[in-house]
Amino acid sequence: MNSVLRVTIVDPNDDTRESLKGMLLGMDQVWLEAECSRYEFFADVVSQTQPDIGVVMIDQDVERGIKLISEVREASAKCQILVVSNSNDGNLILRVMRAGAREFLTQPIRIEDLVAALERIGSQYLGRTGSGTQGAKVICVAGATGGVGTTSVAVNLGCYLAREEKRNAVLVDLDLCLGDADVFLDTIPEYTLVDVAQNVTRLDFTLLKRSLTKHSSKLFLLPRPVQLEDVDLITAEDISRVIGLLKATFSHLIVDISKSYNAIDLTALRMADDILLVTQLDLPCLRNVVRLVTSFGDMEGMLDKVRIVVNRVGLDQGHISLKKAQDTIGRDIFWQLPNDYRVMVQSRNNGIPLIEQAPKAAIAQSMQLLADAVSGDEAAATAAIAANEKLSFGKLLNFLPIKAGKKEGG
Ligand SMILES: Nc1ncnc2c1ncn2[C@@H]1O[C@H](COP(=O)(O)OP(=O)(O)O)[C@@H](O)[C@H]1O
Ligand SMILES: [Mg+2]
C-alpha cells in the first residue's frame with residue numbers, strides 16, 4: 001500500500017469533478033481520499049484527511065483557487081498540489097506555480113498526462129520511487145527476423161509475469177498485419193487494438209479493461225486488428241496513448257512488435273524499459289542484430305535497453321557459436337532459450353502457453369526465469385539470473401554447439 005497515492009480533489013463543478021473522479025477511481029495506484037465541492041472547505045478537508053496530493057480544479061473561481069493553493073501549502077506542507085484548468089494561459093500557470101502548485105494540467109485531461117503528473121509528484125516530492133506508473137514496466141519483444149520466436153517469447157513471458165498475484169500483465173500485439181498472439185492464447189477477442197486506439201480519448205479504465213481479452217493465465221491481451229484495412233487507422237500517436245493508458249492500470253506491459261520497425265514499433269520501443277531482441281544463431285539473423293544495434297545506437301536512450309535473447313540454442317551444430325555471436329554483436333548475450341520444437345509447436349498449435357502445456361520442460365523453465373529476470377523485481381531477477389547461469393553452465397557441458405563456441409572463441 002505504500003506506493004499508493006492518496007488524493008483529495010476540490011471542484012465546485014459537478015460534471016468536471018465526476019469526470020476526474022472517474023479517471024482517478026480507475027487507477028490502481030491512486031486512493032481517492034475525499035472530494036470537496038466548495039473551495040472554502042478544502043483546506044480543512046486536506047488538514048483532516050492528510051492526502052499526498054490535492055487536486056484543485058481552478059476554473060470556477062480562479063482568484064479564490066490561487067489563494068487556496070497558498071493556504072493549503074502553508075497549513076499542510078506535505079500535501080502537493082496539482083491544478084487543473086480550461087486555460088493554458090502562461091500568466092495563469094505562472095501564478096499557480098508561484099502559489100506553490102507542483103503540476104498544472106489543462107482540460108480536457110488526457111489520462112496519460114494525469115498519470116505522468118501524479119508520477120512526477122510521487123517521485124519528486126514524495127520519495128515514492130516505486131509509486132505511480134514507475135512500477136509499470138514496458139517490455140518490448142523484438143525479433144531479428146520473422147520466425148525467430150518473438151511471439152513465443154512475448155506470450156510466454158506475459159503468462160509467467162501474470163502468474164504472480166501482485167502483478168497484472170497485458171500483452172499488446174503490435175504486429176498489426178500478421179500478429180498471431182491470439183492464436184498462441186487460443187482466444188477469439190471481441191475488441192482489438194483498433195477499437196481501443198479509436199476511442200482512446202474517451203476511454204476510461206473500466207472501458208479499457210472491458211476491451212481486453214483475459215486469458216486463463218490471468219494475462220490480458222490487446223490483439224491486432226481483424227481487418228487488414230483497419231491497420232492504417234492506427235497511428236503512432238494512438239499507440240503512445242494506449243501504452244500510457246495501459247501503464248496506469250497494469251504492472252507489466254509486454255509488447256510484441258512487428259518486424260518492420262515502423263513508426264508504431266519505434267514508438268513502443270521508445271516507451272519501453274527493456275527491449276528483448278530475439279535472435280537465432282545464424283548469419284542472416286546476426287547480421288540483422290548488428291544492423292539493429294547500430295541503428296538503435298543512433299536513437300537516444302535506446303541501446304541501453306536492448307537485451308539480446310538467443311532462441312533455439314542447441315538447434316543446429318552448424319550454427320554460429322555463442323561466443324562468436326557475442327563478439328560479432330559486440331554485446332553480451334542476456335539470455336539463452338533452449339531449442340524444443342516439439343513442445344513449442346504443440347503449445348502453439350493447441351493455443352496453450354508453456355505454463356499450462358509443459359511447465360516442466362526446460363524451455364518453460366528458461367522462459368519463467370527470463371520473466372523473473374525482466375520483472376523489475378530485483379530479488380527475483382538476481383535469483384533468476386543466477387539460476388540461469390547454472391542452467392547455461394549445464395548446457396555448456398552438454399550441448400555441442402556451445403562447446404564448439406568455447407573452442408572457437410578461445
Ligand atoms: N525455443 C524454441 N524451440 C523450438 N521452436 C521454437 C522455439 N521458439 C519458437 N519456436 C517455434 O518457431 C516458430 C516461430 O515462432 P514465433 O514465435 O511465431 O516467431 P516470430 O514471432 O518471431 O515470427 C513457431 O513455430 C514456434 O513454435
Ligand atoms: Mg510473431
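Into which domains is the protein divided? The model shown here is predicted, and its protein is divided into domain 1, residues 5-132, and domain 2, residues 136-409. The legends below take up the domains, the sheet and a helix pair.

**View 1. Domain 1 and domain 2 with their C-alpha centres 38 Å apart.** The stretch 5-132 forms domain 1, and the stretch 136-409 forms domain 2. Eight residues of domain 1 are in contact with nine residues of domain 2. On the side of domain 1 that touches domain 2, the elements giving two or more residues are helix H1 (14-25) and H5. H5 gives the most to this side, with three residues. By class, the residues on this side of domain 1 are four nonpolar, two polar and two charged.

**View 2. An open sheet of five strands with parallel pairing.** The strands follow the order E2-E1-E3-E4-E5. Strand E2 (30-36) and strand E5 (103-106) stand at the edges of the sheet. Each of these two strands has a single partner strand, so one side of each is left without a neighbour in the sheet. From one strand to the next, the twist averages 20°.

**View 3. Strands E1 and E3, running parallel.** Strand E1 covers residues 5-10 and strand E3 covers residues 53-57. Four bridges join the two strands. Thr8 stands opposite Gly54, a residue of E3.

**View 4. Helix H1 packed on the sheet.** H1 touches E1, E2 and E3. The direction of H1 makes about 160° with that of E2. Of the strands touched, E2 is an edge strand, while E1 and E3 are joined to one another by four bridges.

**View 5. The crossing of helices H5 and H10.** In general, two packed helices are described by the angle between their axes and the distance between the axes. Helix H5 spans residues 111-125 and helix H10 spans residues 236-249. Their axes come within 8 Å and cross at roughly 50°, which makes H5 oblique to H10. The crossing of the two helices is left-handed.

**View 6. Residues in the contact of H5 with H10.** From H5, the contact is made by Ile111, Glu112 and Val115. From H10, the residues are Arg241, Gly244, Leu245, Lys247 and Ala248. By class, this contact has four nonpolar, one polar and three charged residues.

How values were computed
Residues numbered from 1 in each chain as written. Chains lettered and ligands numbered in written order. Predicted model: local features only at pLDDT ≥ 70, side-chain atom pairs only at ≥ 80, totals over all residues. Axes fitted to C-alpha atoms, helices over the stretch in contact; angles between N-to-C directions. Parallel < 35°, antiparallel > 145°, perpendicular 65-115°, else oblique. Left-handed = near helix turned anticlockwise from the far one by under 90°. Contact = placed C-beta atoms within 7 Å. Nonpolar A, V, L, I, M, F, W, Y, C, P; charged D, E, K, R; others polar. Domains from an automatic or database assignment. Pairing = 2+ DSSP bridges.
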